[in-house]
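Here is a briefing on a two-chain model. Look over the sequence and the coordinates, then read on.

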Amino acid sequence: MSFIKSTAFKYIPILVFAIIIADYFFAISGLGSIAEALRQFAVVISNIALGLGVISLLKIHGKNVQRRVEGRWLYSIVTIVTFLTVFILGLINTNGEQYQWAFRNVYTTLEQTMYASTGFFIVSSAYRAFRARNIDAALLLISGCIVVFTNAPIGEVIWSGFPVIGDWLLGPGQLPGYRVLMLIAGFGTIVYAYRVITGNERGFFGGGE
Amino acid sequence: MANQTIFDRLDKLDRRVYYWLIVLVITWPLISPIGLPITIKPSTRALYGGLQTVQEGDVVLIDIFMSVSTWPECMGGLVVETNTLIDRGARLVYMGNSVDVARSWDRLKELVPKLQTLEYGEDVVFLGYYAGEDAAAAQMAVDMSSVFPADHYGRPIAEIPLMSDANRAADFAMVLFTAEGEVKWIQQWGAAYGVPVAGMGIAMKGSALAPYLASGDIFGLAVGVRGAAELEALAGMPAAATKTMDAISSTHLLFVILIILANLPVIYSKIKGGN
């Protein structure tokens, strides 16, 4: 076990990274089929992660029910019962009428209602938090309001300058900043990859640092 | 209570007041539409123009990343894209990284009756859900059948004629993303194999996608309900997104008015020399 932890876990990620990167940038013959197999592993693991999520969900909510956690356990029962009902219906037939009914009339409506209700929270939080307490906040607020009027046709009706300024803010105004962010993230990924390749990054398999 | 100024009242305004105002400003234009004109943005025009370049028989991949909650923003645009591509004689491959992609596919079929007239397996295929993001997209680029051994309905890929012509990135004329998940297509298909990428983003993705648009990594972009309404206008088929635009206008106006009202007490206290 210690050999696996100390050596195999260290060199497997290095090997995988090296193969995938070499295949992407240099298309070395013979490497393609190995990279393909590795990518297929990744896809399979992603699917397994869904199953892992189910186990985690049942474990957490099962504990809530078992321990009668105040303010949570009743909701946990609802979660478990709903999950099991839809899961069993899906196992019987995903194209069956009952499963489709649950999807169409329960999931769809609840999901849309939840998303729509965020509109109320956005307005509420905007009213309470968007205060121009200093120059920076005032500039942010004014820019935000101009962009809002750029996206809504009424902005152009109120003043034809709104979309002009708004499009500038969304284009040249924000592009340099956003590009810098993306470049930083890109460089960060390269550094992370380098740390993995050199065996210094072990956090992703629970190895501490 | 009697000593409260108008600014104190504004500062402590009951949230139910503006909740009701939102309900009013959304329902009113839906009942009685105003029909404000919409200016079409160049990015939306570029997306629609790109769709017009598709030749008969070209295969187009459409990634339905949206969940049912983002239908109001993106479904209208997807309907226009689908109708336009069908009219161009394209062959369509749908899939999605959202767990409810099958529900979105069913809804799309309801909204685009032309989809029912296409021969399934020859002109259109629904591959269903996939997991794995970048790894999946990279693998699809070299061997689609290894990610999707069968379509959503369980029919083996090997038995689907369309998929025998479209098993790797080079076989596709274009990739269209919906709502999110664009980066994997840009990096794994666009940059690596030169497949043109474009699509629709939810409103909040507009600024995040702007750098890709400016750099030419995506050739077109429609953002949010407005983008969908612009596509509807370009295609000459006003539908749900166009109807929603008046409600967008009224809610956005209310949003700005509320922000101004909320800031009056701050301005007042600053004038008075307080915090």
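What distance separates the centres of domain 1 of chain B and domain 2 of chain B, taken over C-alpha atoms? The two centres are 38 Å apart. The model is predicted: local features need pLDDT of at least 70, side-chain atom pairs count only at pLDDT 80 or more, and totals for chains, interfaces and linings use all residues. Residues are numbered from 1 along each chain as its sequence is written, while chains are lettered from A and ligands numbered from 1 in the order in which they are written.

**Domains and overall build**

- Chain B is assigned domain 1 (6-32 + 245-272) and domain 2 (42-238); such bounds come from an automatic or database domain assignment.
- Chain A is divided into domain 1 (1-88), domain 2 (93-129) and domain 3 (130-196).
- In chain A, 27 Å separate the centres of domain 1 and domain 2, taken over C-alpha atoms.
- The C-alpha trace of chain B spans about 80 × 40 × 35 Å along its principal axes.
- Chain B has 13 helices and six strands; these are DSSP runs numbered from the N terminus, with helices being H or I of at least four residues and strands E of at least two.
- Of the 275 residues in chain B, 49% are buried. A residue is buried if 20 or more other C-beta atoms lie within 10 Å of its own, exposed if 12 or fewer, and partly exposed in between, with C-beta atoms placed from the backbone.
- Among contacts in chain B between residues at least 6 apart in sequence, 70% join residues at least 24 apart. Contact means that the C-beta atoms of two residues, placed from the backbone, lie within 7 Å.

**Interface between the chains**

- 44 residues of chain A are in contact with 44 residues of chain B.
- On the chain A side, α4(A) gives the most, with 13 residues.
- By class, that side of chain A has 27 nonpolar, 10 polar and seven charged residues. Ala, Val, Leu, Ile, Met, Phe, Trp, Tyr, Cys and Pro count as nonpolar, Asp, Glu, Lys and Arg as charged, and the others, Gly among them, as polar.

**Helix α2 of chain B**

- The 17 residues of α2(B) (residues 15-31) should span 24 Å at 1.5 Å a residue, and the end C-alpha atoms are 25 Å apart, which agrees. The expected span is 1.5 Å times one less than the number of residues.
- Tyr18(B), Val25(B) and Pro29(B) are the buried residues of α2(B). They cover an arc of only 15° around the axis, so they sit on the same side of α2(B). The arc is that of the directions from the helix axis to the C-beta atoms.
- The buried residues of α2(B) pack against α4 of chain A together with α13 (240-272) of chain B.
- Exposed residues on the other side of α2(B) include Arg16(B), Trp20(B) and Ile31(B).

**Strand β5 of chain B**

- Five of the five residues of β5(B) (residues 197-201) are buried, so the strand is largely enclosed by the rest of the structure.
- Val197(B), Gly199(B) and Gly201(B) point one way from β5(B), and Ala198(B) and Met200(B) the other way.
- Strand β4 (residues 174-179) of chain B pairs with β5(B) in the parallel sense over five bridges. Pairing requires at least two DSSP bridges between two strands.
- Met200(B) in β5(B) is the bridge partner of Thr178(B).
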